[in-house]
Amino acid sequence: MGTSKKKLNKNGSPKAVAGINTTRYSKGSGSEEVSPLSVAKSVSNSKWKDPKTWPPSLHDFIARSFKEASTKNFNSTNTAKFKSQLKSLINMAIESDRIMRNDWDKQEVPLLIGSKSEGLSLYCDNAEIAQKGRAGPEQNISTTNGAKRKNIFGEDESDSEDVTLGEKEPKAMTSSKSISLGDSLKKLKKQKKEPATLPASLPSIPSTSNQMTNQQLKDLRSKRFERELSIPVNHNYKDDVVSTKPIVGRNNNLEKKYLRLTSQPNPDTVRPLKVLKKTLQLLFDKYFDGASYSYLCDQCKSMRQDLTVQNIRHDFTIMAYEFHSKIAIENGDWGEFNQCQSQLKELYAQADLTKPHYFEFLGYRVLYYILTGNNTEVYELELDIETKGLRQNNDDFFSCALELFRHISSSNYYLLSQTVCKIYNRNKEERRQMIKTNDKGRLLITHKDALLLKHNKSYFFTKFVESIMKRENVRSLSTLCAGYRQLPVEFLKRLLCFEDDTAWEGFVEANRLGAFLNDNKTLFNCHQAKYVVEELKNQMFKKIDIKGQI
């Protein structure tokens, strides 16, 4: 065994060449230095010709392999075989673009670990195959003596490329060994009764790597779906028949729990229009009896589903969605409200339908855009209404919502306060008038004011504005805190539109601002509360994704 001569630095330490480890493997009395530079000579890919571009772990792998080979005392045949396997592994990694992915710290040369197999494989390929449970690591790689590569199902791939020691050359695919799509589908049908096992055959796919790409796997899956859809269905079961025609329900139950559809609707579980009208009347009665919102919402969703699967687009459909929208506003369920609005937007576009509450719900839509910070949609909606010339004298809700939007978008908290106070006062006056003429009789859905639900006209609009003002009051207070050291509590009550002391105290307690009031609670210390209120504002105006976004 010879000794290598290493270049030394001035301090006497070994000198490394461009960060590359070198190692010498000697045989007998002769000495032959072998390094990554010599291994790189066999690389056909010009991108990786320079060993400086190789990962450090690959240099360590080469050095480790030669060091271990030097302890084996190989004869000339095994020495040549060892070098051939080493170069082949590196070429294989380069050709398959796995030189950076492969774990060279765990890579082994078959001859060094005493493997009798002639197959060569990269460690990353073995790890992926073992994880997917497809085939052994030595089944997918072609050998140097012409052994054919196996596909993931253990079959010979006649159209794949053989892996040689130096470079790859494409091998022509012969018609005698190619697998047709028809044959593969027949074999797949035979194995349908064995879901735990993989199909015995699939169409051969040309590949320059040791595994199928994602696109190839998607193509195979598409073929499987085509096969499954081509299987005749059992027409004895009506659920298996896919029909594009609207169904007509036959269910007479007024109440039905909402369940998401996972198959073709069954007419026996769907209620027809005449039953759905009775269902809506039942929900009106349940609402006045104090039924919980979760129950009403579930029943409304079930009713909407039955309308949709039967393709019923009727004046009653608008009423059903408007009813659900209003109870959603009352309970602050903006996700369900927005889903209803999405459908109402389409229903309102139909010229043949009656829309008595069109501008009222346009106002609700503007308020929802304010709540979600969707300013662009407000501008587009206003432009669309103006372009079509739909503005009327009785569009109070829509006009009022646009006025609120302008004050909020311009951060004019003073004008916003005046507009909101007008809304609150109008609602209070209407409520007072309702008490004088309170009708305790049963409300029918055929009544012209049925959707008021025995509330005053501005009730639901005011409820929506109150939800918006919970955030806008914090923003207004943040602006005030930035400009004043302290302010009278009475002034803040008027400016933030709190109707009484209870509302103000609830606002202070909910936002934990009591520490900034003086002892007799008549002054608010804006200077000390400035950073706390600013943090509250940032939290309240954080972007929130609401389901069913328009």
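Guide: This is a predicted model. Side chains of opposite charge can pair when their charged atoms come close. Here, the side chains of E336 and K301 form a salt bridge, at 3.5 Å from N to O.

Visitor: Which helices hold E336 and K301?

Guide: E336 belongs to helix α10 (residues 334-348) and K301 to helix α8 (residues 293-309), so this pair ties together parts 35 residues apart in sequence.

Visitor: Is E336 buried or exposed?

Guide: Buried means under 20% relative accessible area. E336 has 2% relative accessibility, so E336 counts as buried. K301 has 22%, so K301 counts as partly exposed.

Visitor: How many salt bridges are there by this rule?

Guide: The count comes to 16 salt bridges.

Visitor: What does a salt bridge inside one helix look like?

Guide: Take D384 and K388. Their side chains meet in a salt bridge, 3.5 Å from N to O. Both sit in helix α12 (residues 375-388), four residues apart, so about one helical turn separates them. D384 is partly exposed, with a relative accessible area of 31%. K388 is exposed, at 53%.

Visitor: What is the N to O distance between K493 and D501?

Guide: For the salt bridge of K493 and D501, the distance is 2.2 Å. K493 counts as buried, at 10% relative accessibility. D501 is partly exposed, with a relative accessible area of 43%.

Visitor: How should I read a charge without a partner?

Guide: Check its surroundings. R365 is buried yet has no salt bridge. The nearest side chain of opposite charge is D384, 7.0 Å away. A salt bridge needs a nitrogen within 4 Å of a carboxyl oxygen.

Visitor: Where is R365, and what does R365 contact?

Guide: R365 lies in helix α11 (residues 358-372). Leaving aside neighbours within four places in sequence, R365 is in contact with Q341, K345, Y348 and L381.

Visitor: Which residues form a negative surface patch?

Guide: E466, E499, D500, E505 and E509 form one. Patch members have over 30% relative accessible area and no salt bridge. Take E466, in helix α15 (residues 459-483). E466 has 34% relative accessibility, so E466 counts as partly exposed.

Key: Residues numbered from 1 in each chain as written. Predicted model: local features only at pLDDT ≥ 70, side-chain atom pairs only at ≥ 80, totals over all residues. Heavy atoms only, no water. Helix = DSSP H or I, 4+ residues; strand = E, 2+ residues; numbered from the N terminus. Buried < 20%, exposed > 50% of the residue type's maximum accessible area, 1.4 Å probe, protein only. Lys, Arg positive; Asp, Glu negative; His and termini not counted. Contact = heavy atoms within 4.5 Å. Patch = residues over 30% accessible without salt bridge, like charges linked within 9 Å, V, L, I, M, F, W, Y side chains within 5 Å. Areas by Shrake-Rupley, 256 points an atom, 1.4 Å probe, with all protein chains shown as cover. Charge placed at Lys NZ, Arg CZ, Asp CG, Glu CD.
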